[in-house]
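Here is a quick, friendly tour for anyone who likes to think in rings, strands and angles. Have the viewer open and follow along.

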Amino acid sequence: MTERSELVEELRWKKIPVLNDGFVCLVDVMGDDSSIVQAARVSYGEGTKRVSDDRTLIRYLMRHRHSTPFEMAELKFLVRVPMDCWRQWIRHRTANVNEYSTRYSVAIDSAQTTLPGEWRTQATSNRQGSDAPLTEDLGTKLTEEETAFQKHARDVYEARLEAGVAREQARKDLPLATYTEAYWKIDLHNLIHFLSLRMDSHAQWEIQEYSRAIGEAIVKPLFPVVWEAFEDYRQGAMFLTRLDKEVLARLMTTAAEKSLVPPFSEEAFLEVQDETWKSLKRSRERDECQSKLQRLGILKAKD
């Protein structure tokens with residue numbers, strides 16, 4: 001058995017735990033790093049003969065977002081995930097999915113639970129995000145209420161089934177924390193896109209955990225060269241818009257004229273901001289541009 005085959009067999013059906021009772025596991029995989037290279041060389045013909053090695057080609061493809069060769073590899077997973085997290089997951093309509101049906105079968109007797117220190121406040125700067133944790137005392141109360149609620153919901157559900165209520169109707173009051181399971185098959189290009197969005201710090205923490213498990217425990221060992229390129233050109237990269245570049249150019253011009261050195265102040269940034277932002281009390285574009293320049297060390301970070 002080859003080293004690659006041994007790796008695949010080691011990973012196949014290995015349940016990687018996520019949250020309190022979730023998991024991801026590899027069911028099957030088609031292709032490896034060389035599959036991407038082969039596809040690219042068929043597509044581009046003579047043009048790739050100047051490429052020095054496979055790693056250079058894969059990095060070129062990732063850097064320039066040539067996606068088709070990455071579609072030649074596929075992975076199939078079995079996942080157990082809370083229903084509310086699955087709602088976000090299933091929005092990525094680029095995969096083949098077959099989910100556990102609570103019309104045909106009794107709902108999985110497991111729900112996502114929250115430890116007292118895991119309850120998060122609502123973010124003030126992001127309507128769909130969370131922020132710092134709540135106090136331990138309040139978290140303890142919330143966890144106790146969660147436990148009681150989930151037990152009651154499950155008792156009601158099972159009582160309905162016992163009374164002869166149809167499974168498709170008995171399930172309607174189950175909490176979104178209830179786990180579901182699904183087979184999820186996706187090509188490597190679309191998986192990379194999924195991971196770039198869902199491993200991002202702005203994604204919900206729960207789906208970040210699933211994405212990290214898939215990416216770091218499965219994709220990374222199976223496609224090491226692709227993963228290296230992904231970390232360099234997607235996960236660790238930054239996209240500058242036309243407005244961002246123009247603000248940066250004006251900022252550097254002003255700095256040269258006034259003999260300023262970075263990191264520059266917020267006042268200097270506001271002086272050269274885009275004209276369309278100036279009249280706005282709050283501009284998401286301005287905030288994002290400022291954040292990018294802070295991460296680059298061009299602007300001073302906020303206290």
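In this predicted model, Trp89 has a relative accessibility of 0%, and since buried means under 20%, Trp89 counts as buried. Phe194 is likewise buried, with a relative accessible area of 0%.

**Aromatic rings**
- Seven aromatic pairs are found in the structure.
- One of them joins Trp89 and Phe194: the centres are 5.6 Å apart, and the planes make 35 degrees, a tilted arrangement.
- Trp89 belongs to helix H4 (residues 83-89) and Phe194 to helix H7, so this pair ties together parts that are 105 residues apart in sequence.
- Both rings are members of one aromatic cluster, formed by Phe77, Trp86, Trp89, Trp184, Phe194 and Tyr210.

**The sheet and its helix**
- Five strands make up an open sheet with antiparallel pairing, in the order E1-E2-E3-E7-E4.
- The edges are strand E1 (16-18) and strand E4 (96-99); each has a single partner strand, so one side of each is left without a neighbour in the sheet.
- From one strand to the next, the twist averages 20 degrees.
- Nine bridges link strand E3 (residues 74-82) to strand E7 (residues 179-187) in the antiparallel sense, and Leu75 has Ile186 in E7 as its bridge partner.
- Helix H7 (residues 188-198) packs on the sheet and touches E3 and E7, with its direction at about 125 degrees to that of E7.

**Charges over rings**
- Lys15 lies over the face of Phe23, 4.6 Å from the ring centre.
- Arg4 lies over the face of Phe223, at 5.5 Å from the ring centre.

How values were computed
Residues numbered from 1 in each chain as written. Predicted model: local features only at pLDDT ≥ 70, side-chain atom pairs only at ≥ 80, totals over all residues. Heavy atoms only, no water. Pairing = 2+ DSSP bridges. Helix = DSSP H or I, 4+ residues; strand = E, 2+ residues; numbered from the N terminus. Axes fitted to C-alpha atoms, helices over the stretch in contact; angles between N-to-C directions. Contact = heavy atoms within 4.5 Å. Phe/Tyr/Trp six-rings, centres within 6.5 Å; stacked < 30°, edge-to-face > 60°. Buried < 20%, exposed > 50% of the residue type's maximum accessible area, 1.4 Å probe, protein only. Lys NZ or Arg CZ within 6 Å of the ring centre and 35° of its normal.
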